[in-house]
Amino acid sequence: MTKNKCLNLCLFVLLVISPKCLYAGAPSTRIDSLVSVMTLDEKLGQMTQMCFSTITLDGSKSLDLNVENFRDAIQRYHVGSFLSGSDNYEKWFAFITAIQKLAVEETRLKIPLIIGIDHVHGANYINEGTIFPHNLMLACSFNSAMAQNVARVTAIETAPVGLSWNFAPVLDVGKNPYWPRLYETFGEDPYLCATMGKAYIQAYENCPEIAPAKLSACAKHFIGYSDPKYGYDRSPSEIPMQALWEYFVPPFKTAFDGGVKTVMINSGELNGEAVHGSKFLLDTLLRQRLGFKGVAVTDIKDIERLVMMHHTNETQKEGTFRAIDAGIDMYMACNAYDFIRYVKELMAERRLSEQRIDASVKRILQLKFDLGLFDNPYPSRELLSKVNKEKNQDISQLVAEESIVLLKNENLLPLLGTKKIALAGIGANSKKMMNGPWSYDWMGASEELQPATMKTLYTAMANEFGAKHVNLLSAEGINTDKERRKFICQAKKSDLIVLAVGEKPYSEFMGNINDLTLDQDQLNLMDAAIETGKPVVIVLMEGRPRLFTQQASKVSAILFAGYPGTRGAEAITNILSGKVNPSGKLAFTYPFSAGHVIPYYYKPSEFNIYWREDKTQKNLFPFGHGLSYTQFEYTDLQLSDTLINNSSQTITATVKVKNIGSVDGQEAVLWYISDEIGTITRPNKLLKHAEKALIPVGEQKTFTFTIRPQDLAYPDKNGVQILENGKFKVSVGGLVKEFNFKK
Ligand code: GLC
């Protein structure tokens with residue numbers, strides 16, 4: 001008997017006596033010893049992730065276990081991971097307890113499962129879970145502490161039911177407002193996406209309140225998913241490598257450097273390559289250049305998409321080879337086991353080696369060990385008892401209040417004194433609109449399945465302003481002249497009109513559009529309100545900047561609220577009433593016209609400016625725009641030096657910001673750097689630092705930005721950081737100072 005076989009026999013005997021002993025010792029030893037006794041089927045089962053729909057009685061996400069199907073999954077296919085359910089705490093508790101118990105007690109090696117969930121804006125697949133504003137709104141807070149709040153509460157509400165793997169945050173940079181997943185991103189700026197993503201991941205993966213439970217976040221969707229050329233979800237992206245390194249890599253690199261445990265791969269194609277089949281993207285870039293060492297999971301059924309959508313492979317077997325050879329570790333197969341069969345065939349044909357398979361299995365087992373699943377994979381009553389829903393919802397309200405952006409205000413808001421308010425629109429009396437997509441269901445659960453305790457904008461405003469002062473009109477949109485006349489007749493009886501307009505919740509490809517302009521019925525409703533001659537307040541409840549340019553010039557006030565979550569109605573109302581002074585700023589450019597979606601860092605067409613006054617309006621509201629009920633005065637921008645003369649020195653920039661208005665307010669101070677001359681063309685400016693603080697009435701605060709040489713560098717097409725001598729500008733609050741860098 002060879003030495004190896006002898007070792008395996010001893011290990012196997014040990015395993016039978018006490019599996020725990022296998023898992024004793026240093027992680028690498030434990031993993032190596034476990035892998036050494038695993039059969040090929042057991043290994044491939046660990047690389048397979050199935051949807052709960054394959055193991056529930058009715059094939060839905062509701063959690064009633066089909067034990068027969070489940071035993072088949074774990075005993076015949078040795079499946080090591082499942083994803084995606086939606087139910088109440090007790091059902092989650094019972095379901096996860098049952099499947100982990102069966103997995104640990106009824107399989108040879110007793111390897112626990114890892115369960116994935118899309119808790120992308122709170123514990124949104126647990127019926128009583130607290131829902132937060134989606135990332136696009138969260139980013140508008142320009143306050144990474146808010147991202148930490150979201151992550152911490154999500155972890156506190158998720159961990160009790162044994163959901164160890166959260167497919168969040170999205171780190172795609174939201175450059176294309178047509179893309180139906182814009183609201184899942186932290187906006188169009190790479191620095192903001194990296195900062196918010198890092199804060200979220202750090203808080204989610206290191207949450208003391210849930211100790212000893214540990215959770216994994218997931219940086220998604222690597223890479224280039226968010227700038228589809230045609231705007232449709234999963235349509236081709238064409239991003240030059242220099243732009244990929246400068247705009248799309250930073251949030252992922254920051255997450256990898258911060259130790260995020262998993263990454264999910266982009267379903268789409270980038271520069272002619274299906275990402276799931278790209279060895280350059282999934283090995284050279286992801287592993288070798290960016291140093292990611294964790295688990296790379298595919299997006300749902302994306303090996304099949306190589307055949308059915310990208311047509312880069314003729315058969316699923318070839319697609320399987322392509323994806324594994326490119327570098328995926330786990331296949332989100334969802335509802336088929338062909339993956340296992342194809343890998344075994346490819347190994348028999350010596351096209352895939354056991355060494356390659358072992359590399360992925362070891363990463364997956366490492367993740368399970370890191371999350372403590374081998375010690376305790378079960379839900380925790382103790383953690384559940386600590387969940388304080390009221391407190392968590394208060395935090396959700398705080399996040400929403402910091403995220404809502406006051407875009408326009410012609411001395412109308414806050415609404416002081418008793419007024420008769422007409423309220424209408426799709427968001428006027430809807431909980432579903434408040435929570436938006438990915439809320440108790442993929443596209444947002446129906447109204448009756450939203451939490452009973454939630455308020456709508458109508459009930460919140462009636463509470464605040466008095467029921468007799470808020471008149472809820474039935475109009476959600478206007479399509480006929482009869483509807484127009486009826487609305488005008490009703491609305492004219494009030495002093496002012498509040499319209500909650502926008503987009504009904506959508507997810508992924510279900511939100512594909514051909515025109516960024518708001519739907520006509522929404523525009524008609526705005527026009528009718530304007531026609532009354534009453535002051536009009538627009539509350540935008542949407543996942544991306546839908547256009548209403550003509551109407552925007554004729555209304556008195558505009559709030560961007562997005563989908564603000566469980567306490568969104570209270571948050572909006574508190575801003576309307578003045579109880580909260582808005583402090584959000586746009587994390588994206590609000591376009592002026594559908595034909596020109598231009599991120600803030602675009603390079604102005606010098607020709608227009610050089611030859612004639614450039615009259616083209618670039619946007620309706622610029623990135624970083626957001627009003628307050630007070631005014632902030634920026635003065636005295638100072639630099640500690642006007643020359644950085646080597647690669648170590650820094651310059652300290654300071655600016656004074658004074659609250660010269662009549663109410664306390666928070667101000668997000670945004671610092672930009674412009675590279676005046678570059679060997680390659682440089683962006684107009686790039687955000688490099690942001691800091692938010694409360695400034696009481698009459699007080700002045702000094703904000704500081706330490707400019708480092710790396711803030712002046714840019715990546716070339718190979719991702720090599722280039723730092724060139726020359727003139728730079730730092731700008732903040734409209735003030736600008738020049739300085740030079742010289743090696
Ligand atoms: C979806 C999404 C991805 C999500 C996954 C699991 O297709 O692209 O973001 O995490 O499937 O639900």
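Predicted model: local features only at pLDDT ≥ 70, side-chain atom pairs only at ≥ 80, totals over all residues.
Local features require pLDDT of at least 70, side-chain atom pairs count only at pLDDT 80 or more, and totals for chains, interfaces and linings use all residues. Residues are numbered from 1 along each chain as its sequence is written, and side-chain values use heavy atoms, with hydrogens and water left out.

The ligand is surrounded by 13 residues (one heavy atom within 4 Å of the ligand). D118, R181, K220, H221 and D299 are the closest. The shell comprises six charged residues, five nonpolar and two polar (Asp, Glu, Lys and Arg are charged; Ala, Val, Leu, Ile, Met, Phe, Trp, Tyr, Cys and Pro are nonpolar; the others, Gly among them, are polar). The distance is 2.7 Å for H221, 2.8 Å for R181 and 3.1 Å for R234. The protein buries 94% of the 310 Å² that the ligand exposes when taken alone (Shrake-Rupley method, 1.4 Å probe).

Helix 14 spans residues 338–348 (helices are DSSP runs of H or I, at least four residues; strands are runs of E, at least two; both are numbered from the N terminus). Its buried residues are F339, I340, Y342, V343, L346 and M347 (under 20% relative accessible area, 1.4 Å probe, protein chains only). An α-helix has 3.6 residues a turn, so residues three or four places apart point the same way. The cover over the buried residues of helix 14 includes helices 4, 12, 13 and 15 and strands 1 and 10 (contact means heavy atoms within 4.5 Å). Just after helix 14, R350 adopts a positive phi of about 60 degrees.

Definitions and conventions:
Polar contact = N/O pair within 3.5 Å; in protein donor to acceptor, adjacent residues only side chain to side chain. Buried < 20%, exposed > 50% of the residue type's maximum accessible area, 1.4 Å probe, protein only.
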